[in-house]
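Me: I would like to learn how to read individual features of a structural model, taking one at a time. Could we go from the general idea to the particular case each time?

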Amino acid sequence: MDVVDPELGIDVVNLGLIYGIHIDESDVATIDMTLTSAACPLTDVIEDQAKTATEGLVQDLRINWVWMPPWGPDKITDDGRDQLRALGFNV
């Protein structure tokens, strides 16, 4: 997915921010997604990127912002950890 966390520059899948995806009979995708912080002001940017990334794949996209379970560094994939280390983060 070409949806990147604007603050970290890492895609939301490798950051472990996607909790689930459901596509209904009308070809509408609903993504259960969280953020690294509930106070993140960039939800609009992420929603726009997600809609662009799924154009032509589904009829429509909805993001269900969820906060439980809370996100933590344990949800980052190995690839995401490698990318963060390359940026100087200690994960």
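Me: Which side chain does the side chain of lysine 51 meet in a salt bridge?

Reply: Please keep in mind throughout that this is a predicted model. A salt bridge is assigned when a side-chain nitrogen of Lys or Arg lies within 4 Å of a carboxyl oxygen of Asp or Glu. In this structure the side chain of lysine 51 meets that of aspartate 60, with an N to O distance of 3.4 Å. Lysine 51 is partly exposed at 38% relative accessibility, and aspartate 60 is likewise classed as partly exposed, with a relative accessible area of 30%.

Me: How many salt bridges does a search of the whole structure find?

Reply: The search finds 3. One of them joins aspartate 74 and lysine 75, with an N to O distance of 3.9 Å; here aspartate 74 is exposed, its relative accessible area being 60%, whereas lysine 75 counts as partly exposed at 26%. Another is formed by the side chains of arginine 85 and aspartate 82, at 3.1 Å from N to O.

Me: Where do arginine 85 and aspartate 82 lie, and how many residues apart are they?

Reply: The general idea is that an α-helix has 3.6 residues a turn, so residues three or four places apart point the same way. Arginine 85 and aspartate 82 both belong to helix H2 and are 3 residues apart, which is about one turn of the helix. Arginine 85 is partly exposed, with a relative accessible area of 41%, and aspartate 82 is also partly exposed, at 46%.

Me: Which residues of H2 are buried, and why can they be said to share a side of the helix?

Reply: The buried residues of H2 are Gly80, Arg81 and Leu84. They are placed on the same side of H2 because they cover an arc of only 100° around the axis. The face turned away from that buried side carries Asp78 and Ala86, which are exposed.

Me: How should I read a charged residue without a partner: is aspartate 5 buried or exposed, and how far away is the nearest side chain of opposite charge?

Reply: For such a residue one looks at its burial, its charged surroundings and its contacts. Aspartate 5, in the segment before strand S1 (18-23), is buried yet has no salt bridge, and the nearest side chain of opposite charge, that of arginine 81, is 15 Å away. When neighbours within four places in sequence are left aside, aspartate 5 is in contact with Ile10, Val12, Leu15, Leu17 and Thr36.

Me: Which residues does threonine 43 touch, again not counting those up to four places away in sequence?

Reply: Threonine 43 touches Leu35 and Trp65 on that count. Threonine 43 is found in helix H1, residues 43-54, and is partly exposed, with a relative accessible area of 22%; since buried means under 20%, a value of that kind has to be read against the cut-off. The C-alpha atoms of threonine 43 and arginine 62 are separated by 12 Å, the two residues being 19 residues apart along the chain.

Terms used: Residues are numbered from 1 along each chain as its sequence is written. This is a predicted model: local features need pLDDT of at least 70, side-chain atom pairs count only at pLDDT 80 or more; totals for chains, interfaces and linings use all residues. Side-chain values use heavy atoms; hydrogens and water are left out. Helices (H or I, at least four residues) and strands (E, at least two) are DSSP runs, numbered from the N terminus. Buried means under 20% relative accessible area, exposed over 50%, partly exposed in between (1.4 Å probe, protein chains only). Lys and Arg count as positive and Asp and Glu as negative; His and the chain ends are not counted. Contact means heavy atoms within 4.5 Å. The arc is that of the directions from the helix axis to the C-beta atoms.
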